[in-house]
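Please look over the sequence and the structure shown here before reading the notes that follow.

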Amino acid sequence: MALLEVKDLQVYYGMIQALKGISFKVDQGEIIALIGANGAGKTTTLHAVTGLLPKKSGTVTLGGVDITKTAPHKIVKMGMAHVPEGRRVFARLTVYQNLNMGAYTRQDRGEFSKNLEMVYERFPRLKERRNQPAGTLSGGEQQMLAMGRALMSQPKILLMDEPSMGLSPIYVNEIFQIIEDVSASGTTVLLVEQNAKKALSIADRAYVLETGNVVLEGKASELLNDESIKKAYLGE
């Protein structure tokens, strides 16, 4: 059974149909990439899955449970965390306070301390800067903070929206290495990424979106070598 399954999802912005019945699934332990041009519907898909956007029709299930009409905060409690596009850290709060916000669904403070140490171990720079306001961090450090904050909820699946956006090549490589490490530690990952080449290089499988439709799917390694994908998305 798939950990996350999306079937025939349709989403509208007013009269404009943004998603036209897309379907995909994410199995336990996979890294799945959603790639496509700007406006293809990638971010809309994540917002619909996490309950931030209403669905016109279709279903979303998490671990076999229908979450199509479930409120976003309840979806977090069920094991889904979302790292939004643009990072969206709380700029005036410290790094520690941001991480604390990520654990708001956790009741056990002993678990909180354990999770915090796990995040600091994975992101040593966050530990060094734990008392700094998040707004003073570099873009790459803010991305790490957004990821660390999401991991504080101990998610079964982590949804990431454009994690490399606006980052220097050094930080891009570091962020993608961290995504692989998070996956290796047992967290399933659904990755939306403009840098298709980078996304396909770490993903198990991928879905290609065009104007609200899934037009291609397959093993990431095969799509990486697909001539039509190379021309359209990889700049080759």
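In which sense, left-handed or right-handed, does H3 cross H6? H3 passes H6 in a right-handed crossing, a crossing being right-handed if the near helix is turned clockwise from the far one by less than a right angle, and left-handed if anticlockwise. This is a predicted model, in which local features need pLDDT of at least 70 and side-chain atom pairs count only at pLDDT 80 or more, while totals for chains, interfaces and linings use all residues. Residues are numbered from 1 along each chain as its sequence is written, and side-chain values use heavy atoms, without hydrogens and water.

**Helices H3 and H6**
- The axes (lines fitted to C-alpha atoms over the stretch in contact, with angles from 0 to 180 degrees between N-to-C directions) of helix H3 (residues 95–102) and helix H6 (residues 139–151) come within 7 Å and cross at roughly 35 degrees.
- Val95, Asn98, Leu99 and Gly102 of H3 make the contact (heavy atoms within 4.5 Å) with Leu145, Gly148 and Arg149 of H6.

**Val49**
- Val49, which lies in helix H1 (residues 42–49), counts as buried because its relative accessibility is 0%, where buried means under 20% relative accessible area with a 1.4 Å probe and protein chains only.
- Leaving aside neighbours within four places in sequence, Val49 is in contact with residues including Leu4, Val6, Phe24 and Leu159.

**Strands E1 and E2**
- Strand E1 (residues 4–13) pairs with strand E2 (residues 16–26) in the antiparallel sense over eight bridges, pairing requiring at least two bridges found by DSSP.
- Val6 has Phe24 in E2 as its bridge partner.

Methods. Helix = DSSP H or I, 4+ residues; strand = E, 2+ residues; numbered from the N terminus. Buried < 20%, exposed > 50% of the residue type's maximum accessible area, 1.4 Å probe, protein only.
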